[in-house]
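Good morning, and thank you for the time.

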Amino acid sequence: MKKSVFLGTLSAAALVAGIAGAATLDDVRSRGELICGVNVGLTGFGAPDANGNYQGFDVAICKAVAAAVLGDASKVKYVPTTGETRFTALASGEVDLLVRNSTWTFSRDNDLKFDFVAVNYYDGQGFMVKKDLGVSSAKELDGATVCIQTGTTTELNLADFFKANNMSYTPVTVADDSEGQRQYLAGACDAYTTDASGLAASRATMPDAESHIILPEIISKEPLGPLVRHGDNQWGDIVRWTYFALVAAEEYGVTSANIEEVATSTQNPEVKRLLGLEGDLGAMLGLDKEFSKRAIAAVGNYGEIFEANIGSATPIGLARGLNALWTQGGLQYAPPFR
Amino acid sequence: MSLVQDVPKDSFRLSMLVYDTRYRSITIQVIVLILFMLFLSWLVNNTIQNLAAKDRTFDFGFLGMRAGYDINQTLISYTNDSTHFRAAMIGLLNTLLSAVIGCAIATVLGVIVGVLRLSKNWLVSRLMTVYVEVFRNVPVLLWILLSATILSEATPTPADYRVTEAMIAAGEAPKASMLLDDSVAITTRGINIPAPLVERGLPRLELGPISINSNMLAFLIVLGASLYGWQMLRAHAKRVQEATGVRPTTWWKSLAIVVLPTLALLIAMGFHLEYPQLTRFNFNGGIELLHSFTALTVALSLYTAAFIAEIVRAGIMAISRGQSEAAAALGIRPGRTMSLVILPQALRVIVPPLISQYLNLTKNTSLAIAVSYMDLRGTLGGITLNQTGKELECMLLMMGIYLCISLTISALMNAFNRAVKLKER
């Protein structure tokens, strides 16, 4: 019996490990479909809409990559992943690309053997509490019960924060955002903690959003971004430069609405290179000239994606803040297309 | 001698390995063994190669590193500075706690329901049938989720217990109040009960990495000694009864032997109860039984008890009617017939399938993650696995631990089975 159990594990592990290949671009092309790991459901970032189609800030990157590589933003298969399953899904080759508000950390980059190709949202961990609790600062949470998603960096930040401030707390570990919300609303915990953007997204979906407040303290740095398996640099570069194309497009005022007009009228050599009218940048990635143009046309530039999914006009209502372009005092910056 | 020499001396040929029935079975076994070993080595080799291809290592060094996360139910001391190994042990103890209490409740409940289902009282037996059929035909995960939801949604929040000065001025009562003379509070998070404490406690026993609460140890030793003394008293009474036919009065002696030494120890140590107090956010002090633990244990117990009830019923029905008729003819009352005649014989039919139910319950505790109970799956197979990324190591370790627990339960129950089975001489 011992032997058979051991065998089963090994064979499962071996099977899983056997799938991961090197040339992701070829796999995606031959499949004719991009497999993208996304959140099980975080409104604004990655969640199915009323028709069951995935929409969101993270999902837009999947669509942009599909448009760049396959020429069709709809050729994406979304695999919902939880905080616990996401990295196994990517490492095992179940998904080609993971865009699931995942924090870029040293150990994930090096120990787990992933490559974070960019930061699409600069975030930090915050706390949400009910207004009638009368708490106005995270430093007043001594003795509180806190709901926390398992398998996340926030779990460790939380322990560090309370330790650094010499406070105690009781953790309630939940599997995903919806379970966290349920427990928090049922009163199983006093505070819910996750990335501040995630808190805003959760709060937007709550029936009585006004009776919950997000505390001012941001207790960690959470650079969230798309990631790919380590070792396939070409695929990593494709995702990275597709993302940079979206950021550069905002910087040069190229939107999904005016892209054709700009393409015919522009005299700016950088914009011409960005849109594939000059030079042959796409070939260096193993793609065609117009990969970035297709990506921008499909989902819009970074600013458009932000405003459409999580911006101030949406119920989530996040300000650009650190995620403004570098020209606007933010951190979003694309290296030159040349 | 001549006879032996008459046997034709057949020299061994290779074909005999296949055609000679004396060797054929050995040949087949050797081939199967070789194939099995080849398959095994292929699996191991494949795993090593794939790990190497992904530039991953296979080692258990992470167990000695700082865990960095907190756990809400710790039976032994633990902080986020403890190691991943310590966190795994916390999880293991939480798993065992739930499994042991679950098995105990399931057994008691299962036996009662199993017996009552055979009751001649129509209403009682039908009620038990409904219980058994409802519980064993719905997946246990749903029962766990249902009990967790009921416990957390139908209970008052800690804030409901608060009495503010404005409320006193207005003469309002708080929305919720504590039960049993202000000693028990049921909130959305858990059930807070008083904790036993001692004033003049003994120092803790430090045995290497293990630290033992010597107050508890002293209590158990004294209680054990008292119970042993009680057994001696009963044995003596029985001997007197057999010799003289008159059973001496023992109840006040029994009471004195069992109660007095423990009571004396508790008074000597300054025993008192610590009541839960409402603080800024939660009830502090006392013992908090988390709803995650209660929900998991209660749901698993009720679910498994339904199966045990059926096993008990089958065991009782396997005893021929003649046994109870014979007992009745001897003038034994129905209740005693059940406990002295039927159940002891039914046990040998009941125990083997009961082992499977205990194993099932223990393994089902790994569903704890559904209600955020930090069992072995939640610590070692959950947070540790995620934070270190050592999937293969954590999974193998976890499977090994569950295997050990299951084999231990099997061994213990098999020993019990040997003790109760029909002795054939």
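How many salt bridges does the rule find across the interface of chain A and chain B? The rule finds five, a salt bridge being a side-chain nitrogen of Lys or Arg within 4 Å of a carboxyl oxygen of Asp or Glu. One salt bridge joins the side chains of D190(A) and R189(B), at 2.7 Å from N to O.

A word on conventions. This is a predicted model, in which local features need pLDDT of at least 70 and side-chain atom pairs count only at pLDDT 80 or more, while totals for chains, interfaces and linings use all residues. Residues are numbered from 1 along each chain as its sequence is written, chains are lettered from A and ligands numbered from 1 in the order in which they are written, and side-chain values use heavy atoms, with hydrogens and water left out.

To return to the interface, chain A contributes 51 residues to the contact and chain B 45, where contact means heavy atoms within 4.5 Å. About 4100 Å² is buried between chain A and chain B, and carbon and sulfur atoms give 57% of that area. Buried area is the accessible area (1.4 Å probe) that two parts lose on being put together, summed over both.

Within chain A, the domain assignment gives domain 1 (19-122 + 224-328) and domain 2 (125-220); such bounds come from an automatic or database assignment. Between them, domain 1 and domain 2 of chain A bury about 1200 Å², 61% of it on carbon and sulfur atoms. How many salt bridges are counted between domain 1 of chain A and domain 2 of chain A? The count is zero.

Finally, a point of detail on L275(A). Leaving aside neighbours within four places in sequence, the residues in contact with L275(A) include V254(A), I259(A), E290(A) and K293(A). Thank you.
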